[in-house]
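Hi there,

Here is the structure I promised to pass on to you. Have a look at it first, and then read my notes below.

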Amino acid sequence: MALETLSPDWEFDRLDDGSQKIHAEVQLKNYGKFLEEYTSQLKRIEDALDDSVGDVWDFSLDPIALKLLPYEQSSLLELIKTENKVLNKVITVYAALCCEIKKLKYEAETKFYNGLLFYGEGATDSSMVEGDCQIQMGRFVSFLQELSCFVTRCYEVVVNVVHQLAVLYTSNKNAPKIIETSGVHFQAMYEHLGELLTVLITLDEIIDNHATLKDHWTMYKRLLKSVHHNPSKFGIQEDKLKPFEKLLLKLECQLLDGMIFQACIEQQFDSVNGGVSVSKNSTFAEEFAYTLRTSFANVEAKLGEPSEIDQRDKYVGICGLFVLHFQIFRTIDKKFYKSLLDVCKKMLQKPVHSLSSKVPAITLTANIMWFADNFLIQKIPAAAKLLDKKSIHTVKMQRENFLQQKAQSLTKDMQSYYVFVSSWMTKMESILSKEQRVDKFAEDLSNRCNVFIQGFLYAYSLSTIIKTTMNLYMSMQKPMTKTSVKALCRLVELLKAIEHMFYRRSMVVADSVTHITQHLQYQALHSISVAKKRVISDKKYSEQRLDVLSALVLAENTLNGPSTKQRRLIVSLALSVGTQMKTFKDEELIPLQLVLKKLDLISELTERVRAQCDCCFLYWHRAIFPIYLDDVYENAVDSARLHYMFSALRDCVPAMMHARHLESYEVLLECYDKEIMEVLNEHLLDKLCKEIEKDLRLSVHTHLKLDDRNPFRVGMKDLAHFFFLNPIRFFNRFIDIKAYVTHYLDKTFYNLTTVALHDWATYSEMRNLATQRYGLSMTEAHLPSQTLEQGLDVLEIMRNIHVFVSRYLYNLNNQIFIERTSNNKHLNTINIRHIANSIRTHGTGIMNTTVNFTYQFLRKKFYIFSQFMYDEHIKSRLIKDIRFFREVKDQNDHKYPFERADKFNRGIRKLGITPDGQSYLDQFRQLISQIGNAMGYVRMIRSGGLHCCSSAIRFVPDLEDIINFEELVKEEGLSEETQKAARQLDSVLSDLTRNFAEGTEYFKMLVDVFAPEFRSPKNMHLRNFYIIVPPLTLNFVEHSISCKEKLNKKNKSGAAFTDDGFAMGVAYILKLLDQYQEFDSLHWFQSVREKYVKEIRAVAKQQNVQSTNQDEKLLQTMNLTHKRLEVCLQEFELLYFSLSSARIFFRADKTAAEENQEKKEEESVKASNGDLSNSTPADPVVK
């Protein structure tokens, strides 16, 4: 037939000139290139996403998603094409109305329900400022205006549907019949009309239950009244205020008085100008009643059964239609009314698997409950009189009984569902993992279809149990037990597990669904073709038979194509016409209806599963979340279920995006996010952190036996399970429990180590234990660790140097400080290693600061020193002594007489003594000892610094030949950051090398800074110092002997065995005054040695004489005298050695003049070598 219509041009074009082939090859090549590029692009995406992207998807990470909803762009007019023009029109009109209702329902469910429900959310009473309510309502008025337009449109559609049905089922004998309707029942139309009425009922219920909305509306009206009195103050024109008030009044009457549904059914359905008559149309009234009864019979049979799908929603629609029927026709079927109410009464008739009841209440949306008995009694008061009060009261009592029994059976239900869902998941895995066999393809498809449907049915049952129970508790204001809350939360997890299962295997599900729909379409087509043959074989002609045949052809044609909603709707309407005149046998019709139901389910499988598993209602029950988290924390073993709960909480987000009362819905989302995170932190994360920290502490301190940790007695909780969890996705973040706890422990350990550095070892041990026991990847604190023999910290000594030099004694040879006295049984010591540890802790910068502090301290001490030397009593005696020595030095062989020094020592005592028996000379000796201790400390700081440098530089292989890392990095052409790091490393290495090789000459600096002042003419009184040294040494030796003697006594107060600070102090001051030569000219220590040797010999001679006289007592005295003289001589010898050692530090071999000469010579050499520009100035640290 097609060949006959070919044009002559086409005939000519059939000559093959090869151009088409070339063109096809080019296109094929381009297509091949595109495919290659696309394949490599997909491969890159796959590599970037994960190594394991395969058949199993993770629903917390979905970079792409599969949409399985069938789709086509054909319009209704294109789909509904038969030779029967009248039938085409009827089906087209009804299909268009049904599509319109579906769109209205979708708009209501997504936009209007959520906009109303979330009004007032996102702001707590405490955060609300006066005027916020009015501002929120001001933003919301435009939304109410949109809702008003929507409701008006719904009214128009309801009227149109009623008119279209009334015209078809007319009782007017004169009116022409459109099609024969005696056996035709358009049940789909009534179902859709019921759905639209359910939308209006739901809007009424939401507004009726919304106290906040009503309160804010009242406040807004009051505000408007205030504006009315003074419009100019608010910057509003008075002429615009009137229309706005009218609009508000209209909105209030239409929406907020709870009359949306009532106004719809009270519309004028009869056309005024003699058009369509509805209320007097008996045929339509009978058809309406018949369809209601049929629909109700179908719904009631399924209510509470395991195979229930959407019967509850249909039941609400039927109740709405019943009230509409009563309103139009003013007749009431008492029997039907009672059977409608009986559904509410039939409680607790089914086993666990069927939700344990018929319909105690129905959840319309979110947390809005609908009670059929209240609705029917309220909307049809005339029929309510037929019921006795007792039966109404019984319904309410049974509702409470339902709740009580539900509370008892919930745990049992949950356990049963656990088994059902687990076995279903196993079946799903096994069926989807099996390879499909060609010979058993149909059987395999029907198995898959049944498993998918079974999963959906479980989801529906679980969703109904959870919503009904939670919302009933809420609407009846009954408290829920913790056990019930835990059981319900487990059911929520199961619900999300079903969704997760479908999602995880969505690749295989997607593949199966297309095959299953094709298989079901084939089955339906086969049934229809059998019926069609039967109609064709009957040769009797009638219009009715023609309608049936056209309807069957339409159904066939529509089924040949994608299984879209529109096509399935057309099939349903066509079969309403096509099933009259017994075209189908009963045994054929029921399987066909079943196949079409399956087709409905499978075609929208993912959307329906998502809708049933949507846990948006949890927003209104989020008070259970803390209890749930406590339960998870207590039962850490199955902590993985947290993923399911967070997935459920995430379902609230899309609904919140329709909030219109805030500046932006983002405010509401932030508020929700913050609330959930606060609860999570308080009830899980913080508890977990504290418990882990406590466990680590107790494990590290087991030797202290702090409490009973025997797991057989106190039980054991293995919290490590939380750390094996994958990060949980919530909003735009991932909650990583492991990372959170690790960060908490890292932060705690770091902060506590900085407070008490000596605890570093304990915290290191706890870090290692956390890694071993819990698998936490802890970060090293990188704080300078300390040894267990840390000693006093350099910082502490530096801040309290005046206390330190008075309380500690210096030992020159061992470079050690020893505490003078202590309340404990031990004395603290400080040596080079302690100082090195401190420098490692605080850095080498502390060395210069310490010397600065010492300089400040010495300034104060030298001021006291100067005052003492300036004192008239002291100065006059010293001048006398100098004059005396000059006079007698030739006679005494240039030795300062011992007796003169002794006389000075005793003479000072006469000037006065302190309450604790110390003379001025004793105090002066202590002052010099403190100055010496300070110098000893500076020496120890330098030694500690060198010790620290040597420890740090021990990793450098060759100090003579250090590689320049910056040059190497530049050669390799590495990044700027790497070059910077290499430069830094070079600088550190050169600093270390320089410090290690030189060290800073702190003594020289401290001499140079004070010497000019000491040697200046204005401080001439200090030049007498060298002559006070002999009496000072005498005083020191006496003190030293008494201290050492106390070591052997029981009361060791004031005992000491070393005090080299005195020798250091004397050597330092002599250097400052440049008086080494003057002091040496006294030959003091020779004079002392000669005196004591002479006395020892005299005593020895006397002992020899007395030994012959046999005088025991005298001998004893002489022995003691001999011993004392030897001890004194020994002490003087020790002091001499210490002083000689100390003088070496200050270069005692050179005078000030010689040193200056040496410096000049060095500078001249540098200048001649041209090094002057490279010389570094002296360290300015103490200036």
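**Overall make-up**

The secondary structure of this protein comes to 45 helices and 7 strands; helices (H or I, at least four residues) and strands (E, at least two) are DSSP runs, numbered from the N terminus. The radius of gyration is 52 Å, well over the 32 Å that the globule rule gives for 1183 residues, so the protein is more spread out than a compact globule. That radius is taken over C-alpha atoms, and the globule rule is 2.2 Å times the number of residues to the power 0.38. Along the principal axes, the C-alpha atoms fill a box of roughly 170 × 90 × 75 Å.

Before you go further, please keep in mind that this is a predicted model, in which local features need pLDDT of at least 70 and side-chain atom pairs count only at pLDDT 80 or more, while totals for chains, interfaces and linings use all residues. Residues are numbered from 1 along each chain as its sequence is written, and side-chain values use heavy atoms, with hydrogens and water left out.

**Burial, and one glycine**

Buried residues make up 46% of the 1183 residues. Here buried means under 20% relative accessible area, exposed over 50%, and partly exposed in between (1.4 Å probe, protein chains only). Gly304 sits in the loop between helix 10 (282-302) and helix 11 (311-329), and with a relative accessible area of 0% it is buried. From the C-alpha atom of Gly304 to that of Ile874, 570 residues apart along the chain, the separation is 116 Å.

**Helix 4**

How far apart are the end C-alpha atoms of helix 4? They are 46 Å apart, which agrees with the 48 Å that its 33 residues (85-117) should span at 1.5 Å a residue; the expected span is 1.5 Å times one less than the number of residues. Helix 4 also bends by about 40 degrees at Ala108, where the bend is the angle between axes fitted to the seven residues ending there and the seven starting there.

**Salt bridges**

Side chains of opposite charge can pair when their charged atoms come close. I count a salt bridge when a side-chain nitrogen of Lys or Arg is within 4 Å of a carboxyl oxygen of Asp or Glu, and the count comes to 54.

- Arg399 and Asp373 meet at 2.8 Å, N to O. Arg399 lies in helix 15 (residues 389-433) and Asp373 in helix 13 (residues 372-379), so the pair ties together parts that are 26 residues apart in sequence. Arg399 is buried at 5% relative accessibility, and Asp373 is buried at 2%.
- Lys314 and Asp310 meet at 3.8 Å, N to O. Lys314 is partly exposed at 28%, as is Asp310 at 25%.
- Arg490, Glu493, Asp631, Asp638 and Arg641 are linked in a network of salt bridges.

**A nonpolar patch**

Tyr31, Phe34, Leu35, Tyr38, Leu42 and Ile45 form a nonpolar patch on the surface, with about 590 Å² of accessible area together. Of these, Tyr31 is placed in helix 2 (residues 19-49). Patches are made of residues with over 30% relative accessible area and no salt bridge, with like charges joined within 9 Å and nonpolar side chains (Val, Leu, Ile, Met, Phe, Trp, Tyr) within 5 Å. Accessible areas come from the Shrake-Rupley method with a 1.4 Å probe, and for residues only the protein chains shown count as cover.

Best wishes
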